[in-house]
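Please study the structure shown below before reading on.

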Amino acid sequence: MGWFDNLKRGRNEQQKGSQTTPVPKEDAVRADEVSEEEFSVQESDASLIENDFEIESISVVERDVQEDTVKPIEEEVSLRPLKSYKEKKPVSRVVGQTKIIAIINQKGGVGKSTTAINLSAAIGELGKQVLLVDLDPQGNTSSGLGIDKRQVGHCIYDALLNDVPLEEIIIPDVCEGLDVVPATINLAGAEVELVSEMARENRLKDAVGAMRGKYDYIFIDCPPSLGLLTVNALVAADKLLIPIQCEFYALEGVTKLLDSMKRVKTRLNPTLDIYGVLLTMYDGRTTLSKQVVSEVRNFFGKMVFETLIPRTVKLSEAPSFGQPITQYDPAGKGAQAYSALAKEVIKRG
């Protein structure tokens with residue numbers, strides 16, 4: 001007998017068991033002879049059951065109301081109201097020479113977006129004017145700062161392909177001293193659409209160049225690839241900031257990035273150079289992290305920042321609340337590390 005035969009026999013037995021069992025004749029007569037007193041007792045029991053059910057229902061409703069008053073995690077994300085660049089707070093000081101820095105590494109998961117968000121916010125808190133350009137189609141930088149991408153009218157895609165000025169795209173005062181050029185899912189098609197465009201490598205340079213003199217720093221959060229979007233960032237930037245995680249494959253892929261940088265420097269952007277190398281996800285308890293730090297410092301020398309970004313849970317939690325780490329956990333190790341990095345960046349000039 002097969003498995004399906006057993007299944008059919010079990011189902012037939014279940015159907016037989018679910019059929020109504022005939023009531024014996026004596027029991028039927030006894031049921032007709034139930035006294036009024038017994039009936040009233042049964043009726044009172046039924047009313048008690050109904051009352052208990054009503055009380056239970058009321059308590060369930062009250063509990064649901066109480067639970068509704070507690071905000072779920074999704075509602076705790078403080079989505080920022082969007083305003084135009086014309087509504088930006090007036091700057092009370094003279095902005096210095098603008099430095100355009102691309103935060104780049106073709107390897108994913110090394111802390112590019114985390115560094116872009118928290119370094120920009122930390123520098124803004126030190127009194128500088130910062131513009132953060134989200135060039136990653138995933139838009140993690142935008143959502144990590146509490147920007148509801150469903151409300152975004154224009155994004156960096158429109159600047160690259162529709163010649164929309166950045167002033168019409170910038171979301172000002174996302175944090176103190178920090179403005180953002182957001183990215184949406186539209187940017188995912190930019191790689192293909194840029195192929196047939198004239199001067200395709202200079203699109204971002206033309207858009208960002210118009211903002212020189214209005215910001216102290218312009219950071220570009222690059223996608224984890226070496227496509228046309230990344231080439232646009234290499235052409236637009238003055239310097240490169242390369243995050244490297246303190247893990248086994250730390251230097252893998254960096255050599256390809258350096259080769260791409262040399263080609264762009266030779267043909268498209270002669271001033272391009274490395275601004276600094278940042279070691280992220282550092283865990284001082286492991287020998288591996290210490291070895292990676294030693295290898296990277298030997299390879300890049302003085303270009304490596306003294307500040308090490310630790311691996312902390314708070315750094316991972318902060319984007320889900322739409323806040324930089326300096327706001328979400330200002331006293332934590334992550335906030336202290338990015339504040340120290342911001343001071344180091346300003347000191348480098």
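The questions that follow concern helices in this predicted model.

Q: How are helices α5 and α15 oriented relative to each other?
A: Two packed helices are described by the angle between their axes and the distance between the axes. Helix α5 (residues 112–125) and helix α15 (residues 333–348) have axes 8 Å apart, at an angle of about 70°. Angles of 65 to 115 degrees count as roughly perpendicular. The two helices, α5 and α15, are therefore roughly perpendicular.

Q: How many nonpolar, polar and charged residues form the contact of α5 with α15?
A: From α5, the contact is made by Thr114, Thr115, Asn118, Leu119, Ala122 and Ile123. From α15, Tyr338, Ser339, Leu341, Ala342, Val345 and Ile346 take part. Sorted by class, the contact has no charged residues, four polar and eight nonpolar.

Q: Where on helix α12 do its buried residues lie?
A: The buried residues of α12 are Ser289, Val292, Val293, Val296 and Phe300. An α-helix has 3.6 residues a turn, so residues three or four places apart point the same way. Seen down the axis of α12, the buried residues fall within an arc of 100°, so they line one face of the helix.

Q: Which residues are exposed on the other side of α12?
A: The buried residues of α12 are covered by elements including β6 (239–245), α11 (254–267), β7 (273–282) and β8 (304–310). A residue counts as exposed at over 50% relative accessible area. On the other side of α12, the exposed residues are Thr287 and Asn298.

Q: Which residue just after α12 takes a positive phi?
A: Helix α12 covers residues 287–300. Just after α12, a positive phi of about 65° is taken by Gly301.

Terms used. Residues are numbered from 1 along each chain as its sequence is written. This is a predicted model: local features need pLDDT of at least 70, side-chain atom pairs count only at pLDDT 80 or more; totals for chains, interfaces and linings use all residues. Side-chain values use heavy atoms; hydrogens and water are left out. Axes are lines fitted to C-alpha atoms, for helices over the stretch in contact, and angles run from 0 to 180 degrees between N-to-C directions. Helices (H or I, at least four residues) and strands (E, at least two) are DSSP runs, numbered from the N terminus. Angles under 35 degrees count as roughly parallel, over 145 as roughly antiparallel, 65 to 115 as roughly perpendicular and the rest as oblique. Contact means heavy atoms within 4.5 Å. Ala, Val, Leu, Ile, Met, Phe, Trp, Tyr, Cys and Pro count as nonpolar, Asp, Glu, Lys and Arg as charged, and the others, Gly among them, as polar. The expected span of a helix is 1.5 Å times one less than its number of residues. Buried means under 20% relative accessible area, exposed over 50%, partly exposed in between (1.4 Å probe, protein chains only). The arc is that of the directions from the helix axis to the C-beta atoms.
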